[in-house]
Amino acid sequence: MEQRKLLRVLAGETVFPPPVWLMRQAGRYLPEYREVRAKAGSFLDLCYNPELATEVTLQPIRRFGFDASILFSDILVIPDALKRNVRFVQGEGPMMDPIAPHEIASLDPSHADTHLAPVIATVARIRAALPDETALIGFCGAPWTVATYMIAGHGTPTQAPARLFGYEHPEAMDELLMLLAEMSADYLARQLQAGADCVQIFDSWSGVLDEASFERFAIAPVRHLVQRLRAMVPGARIIGFPKGAGAFLDTYREKTGVDALGLDWGVPFEQARRLQKGGAVQGNLDPLRLIAGGRALEEGVNAILDQLGDGPLVFNLGHGITPDAPITHVEHLMRLVRQRAS
Ligand SMILES: Cc1c2[nH]c(c1CCC(=O)O)Cc1[nH]c(c(CCC(=O)O)c1C)Cc1[nH]c(c(CCC(=O)O)c1C)Cc1[nH]c(c(C)c1CCC(=O)O)C2
């Protein structure tokens, strides 16, 4: 039997109290992260520095004792490997050269292996340094979410440029998404081979798509990614996180074949319990309850444990932790989850 709690839950076992980790658990809310970040150069320099990326991955494990660590990197290393001139501008978020439909055929993935080698080296280094009971999660962005940044050239409130691109140039969009799916499958296979226990596919922007576009641009490329990954790494454990997918969650799991579903805080418990009958669910505390602390935090944590604790559950936030999260509130969250008797 698997010893790491997260893997037991991903295999469908109920573990109580559930394993807990927080999306974006390494980051600016930690003073020790800000210190390393300041001496690393750019954000991407940090992502490609195995020694420093390992250090920031381990920081939240040392401080809070989470059951899982997540590789420190970013979903945008894939467009960076495609030479899209990715940079992170202070206060503005990520930027890159926006891609036009006619440029897609000339995208060249042949440098990706060499380009991403430092990230794979980081995975091996983290695994060697982690306590045995702590799982290591690898990750990538879902093709659709990565494509939204490649098309707009930056983050946007509703991803209108990518949606419009999908309606006006659907074949070019398919081509871009399938290229990203194949690169991402290869990248995740290498992470698993280097020591990651499982992987998460972040589809942060799946919630802006209509039904037909969700099928074509969110589900189809992830299904392709999952099949290609499992052909390379049989039995690969995969968490899909289609944020904002709402009523499409059931079909997402069925058609993509992921083992577990990440849920955002908009998913009602009734739906979450139904989804849990088909496999593990992960989530789904509103990150703002962590900012508020006190009763808002206690009620949020207890509701998740009450409603989902008797099935396979990975306790997490419904989206990433934000830089203003107080450390004492994270400590409180850990006590609330760990000290709960069934
Ligand atoms: C959409 C997306 C991105 N990156 C990611 C997503 C999907 C999840 C989500 O929706 O939040 C995923 C991501 N980004 C980062 C991780 C690291 C692992 C972890 O601790 O979870 C992970 C898993 C580090 C990061 N990625 C980024 C930071 C902050 C950069 C810094 O330290 O200066 C970190 C710690 C930068 C980033 N990277 C991205 C954006 C939009 C930004 C800017 C917003 C911000 O500044 O918070 C793209």
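**Figure 1. Gly 262 and its partner in strand 8.** The bridge partner of Gly 262 in strand 8 is Gln 282. The model shown here and in the other views is predicted. Strand 7, residues 260–262, and strand 8 run parallel and are joined by two bridges. Strand 8 covers residues 281–285, and five of its five residues are buried, so the strand is described as mostly covered. Asn 284 also has its place in strand 8. The peptide bond that leads from Gly 283 to Asn 284 is cis, and its omega is near -15°.

Figure 2. The bond from Phe 16 to Pro 17 is cis, with omega near -5°.

**Figure 3. The shell around the ligand.** There are 22 residues around the ligand, and those that come nearest are Ala 26, Gly 27, Gly 93, Phe 202 and Ser 204. Two elements give two or more residues to this shell: strand 3 (93–95) and strand 4 (135–141). By type, the shell holds eleven nonpolar, seven polar and four charged residues.

**Figure 4. The largest nonpolar core.** This core has 112 residues. Ile 78, Ala 147, Leu 180, Val 199, Ile 201 and Val 281 have the most contacts inside the core. The element that gives the most to the core is helix 9 (residues 170–193), with twelve residues. Which residues does Ala 147 touch, leaving out those up to four places away in sequence? They are Ala 162, Leu 176, Leu 177 and Leu 180.

**Figure 5. Leu 71 in its loop.** Leu 71 sits in the loop between strand 1 (68–70) and helix 5 (77–81). Within 10 Å of Leu 71 there are 26 other C-beta atoms; a residue counts as buried at 20 or more, so Leu 71 is buried. Leaving out residues up to four places away in sequence, Leu 71 touches Thr 57, Thr 122, Val 123, Ile 126, Ile 137, Gly 138, Phe 139, Gln 191 and Ala 196. Leu 305 is 234 residues from Leu 71 in sequence, and their C-alpha atoms are 26 Å apart in space.

**Figure 6. Two residues with positive phi.** Asn 85 is not a glycine, yet its phi is positive, near 60°. Gln 159, which is not a glycine either, has a positive phi of about 55°. Asn 85 lies in the loop between helix 5 and strand 2 (87–89), and Gln 159 is in the loop between helix 7 (143–152) and helix 8 (160–168). Is each of them buried or exposed? Asn 85 has 11 other C-beta atoms within 10 Å, and the limit for an exposed residue is 12 or fewer, so Asn 85 is exposed. Gln 159 has 23 other C-beta atoms within 10 Å, and 20 or more makes a residue buried, so Gln 159 is buried.

**Figure 7. The setting of the close-ups in the chain.** The chain has 15 helices and nine strands. Along the principal axes, the C-alpha atoms fill a box of roughly 60 × 45 × 40 Å. Of the 342 residues, 49% are buried. Among contacts with a separation of 6 or more, 73% are between residues 24 or more positions apart.

Technical notes. Residues are numbered from 1 along each chain as its sequence is written. This is a predicted model: local features need pLDDT of at least 70, side-chain atom pairs count only at pLDDT 80 or more; totals for chains, interfaces and linings use all residues. A residue is near a molecule or strand if its C-beta atom, placed from the backbone, lies within 6 Å of it. Helices (H or I, at least four residues) and strands (E, at least two) are DSSP runs, numbered from the N terminus. Ala, Val, Leu, Ile, Met, Phe, Trp, Tyr, Cys and Pro count as nonpolar, Asp, Glu, Lys and Arg as charged, and the others, Gly among them, as polar. Two residues are in contact if their C-beta atoms, placed from the backbone, lie within 7 Å. A nonpolar core is a set of buried Ala, Val, Leu, Ile, Met, Phe, Trp, Tyr and Cys residues joined through C-beta atoms within 7 Å. Two strands pair if DSSP finds at least two bridges between them.
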